[in-house]
Amino acid sequence: MSDTTGSETSDALLGPADIRELAAVLGVRPTKQKGQNFVIDANTVRRIVRTAGVRPDDVVVEVGPGLGSLTLALLEAADRVTAVEIDDVLAAALPATIGARMPARADRFALVHSDAMLVEELPGPAPTALVANLPYNVAVPVLLHMLERFPSIERTLVMVQAEVADRLAARPGNKVYGVPSVKANWYAEVKRAGAIGRNVFWPAPNVDSGLVSLVRRAEPPATTATRREVFAVVDAAFAQRRKTLRAALATWAGSPAAAEEALVKAGISPQARGEALTVEEFARIAEAKA
């Protein structure tokens with residue numbers, strides 16, 4: 001293997017045999033509890049990097065790198081990659097994998113051994129992109145935490161369970177539109193960016209996966225309310241999503257009458273339901289109460 005990036009990367013990505021061999025050496029058995037499904041197809045990770053629009057000057061943060069299949073593909077394309085890994089065994093092994101398979105890029109890789117939900121800062125330059133195969137059970141909280149904590153992240157592409165992808169990208173009026181849809185939209189323009197088959201994972205999950213693209217807004221919705229205040233309205237509205245907003249927001253506002261007053265002031269029908277509202281309209285409600 002050559003030390004020049006152009007030729008070394010052609011053989012650097014992990015295939016199915018490489019993944020299984022690495023896992024066997026490390027004694028790693030993917031678990032449902034940790035939501036571990038390793039991508040074993042080099043074409044898929046290259047497609048993810050391509051869909052993410054990773055540029056040569058990007059500083060990419062990856063959450064849940066696992067054995068490193070996507071990490072290596074990101075290192076091919078980006079200036080730097082910082083991977084956040086919670087698993088002790090996987091975190092310990094990843095730098096060696098990078099060093100062995102892509103030595104000329106190893107100095108552009110950094111590892112943070114932590115729960116992504118606890119990460120408050122990252123080493124090196126501020127990240128410009130987030131690309132990750134997120135574990136199904138923590139995908140939405142991790143995504144929202146990273147977008148909140150690192151405003152320098154301009155572009156995000158995450159692979160998540162298809163159902164979660166649908167929720168994140170849903171528009172008002174859609175039956176799966178809910179808390180994840182509104183909160184993600186506070187930060188970014190969100191859209192589905194493709195589907196991923198089950199056979200590119202080991203072990204193969206019993207659900208389909210989807211790609212979600214998030215391009216950060218230049219500014220969050222214009223409002224005098226804080227993000228926390230707006231999100232409190234969103235949580236209240238969808239906690240009882242079948243109820244009218246007058247009823248659903250009663251506890252949040254202090255009473256049904258107070259909820260109605262805030263809604264009318266915001267120019268929103270008290271008989272409307274949360275699933276009909278845009279993030280800007282939720283912001284108006286928060287502002288009206290404040």
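Guide: Val140, Leu144, Leu147 and Glu148 in α6 meet Pro180, Lys183, Ala184 and Tyr187 in α8, where contact means heavy atoms within 4.5 Å. Sorted by type, the residues of this contact comprise six nonpolar, no polar and two charged; Ala, Val, Leu, Ile, Met, Phe, Trp, Tyr, Cys and Pro count as nonpolar, Asp, Glu, Lys and Arg as charged, and the others, Gly among them, as polar.

The model is predicted: local features need pLDDT of at least 70, side-chain atom pairs count only at pLDDT 80 or more, and totals for chains, interfaces and linings use all residues. Residues are numbered from 1 along each chain as its sequence is written, and side-chain values use heavy atoms, with hydrogens and water left out.

Helix α6 covers residues 139-149 and helix α8 residues 179-187; helices (H or I, at least four residues) and strands (E, at least two) are DSSP runs numbered from the N terminus. The two helices pack at an angle of about 20°, with their axes 10 Å apart. Axes are lines fitted to C-alpha atoms, for helices over the stretch in contact, and angles run from 0 to 180 degrees between N-to-C directions. α6 and α8 are therefore roughly parallel to each other, since angles under 35 degrees count as roughly parallel, over 145 as roughly antiparallel, 65 to 115 as roughly perpendicular and the rest as oblique. The crossing of α6 with α8 is left-handed, meaning that the near helix is turned anticlockwise from the far one by less than a right angle; clockwise is right-handed.

α8 also packs with helix α9 (residues 227-239): their axes come within 10 Å and cross at roughly 160°. α8 and α9 are therefore roughly antiparallel to each other, and their crossing is right-handed. From α8, Val179, Val182, Lys183, Trp186 and Tyr187 meet Arg227, Val230, Phe231, Val234, Asp235 and Phe238 of α9. This contact holds eight nonpolar, no polar and three charged residues.

Leu134 is among the residues with the most contacts inside the largest nonpolar core, which has 60 residues. Such a core is a set of buried (under 20% relative accessible area, with exposed over 50% and partly exposed in between; 1.4 Å probe, protein chains only) Ala, Val, Leu, Ile, Met, Phe, Trp, Tyr and Cys residues joined through side-chain atoms within 4.5 Å.
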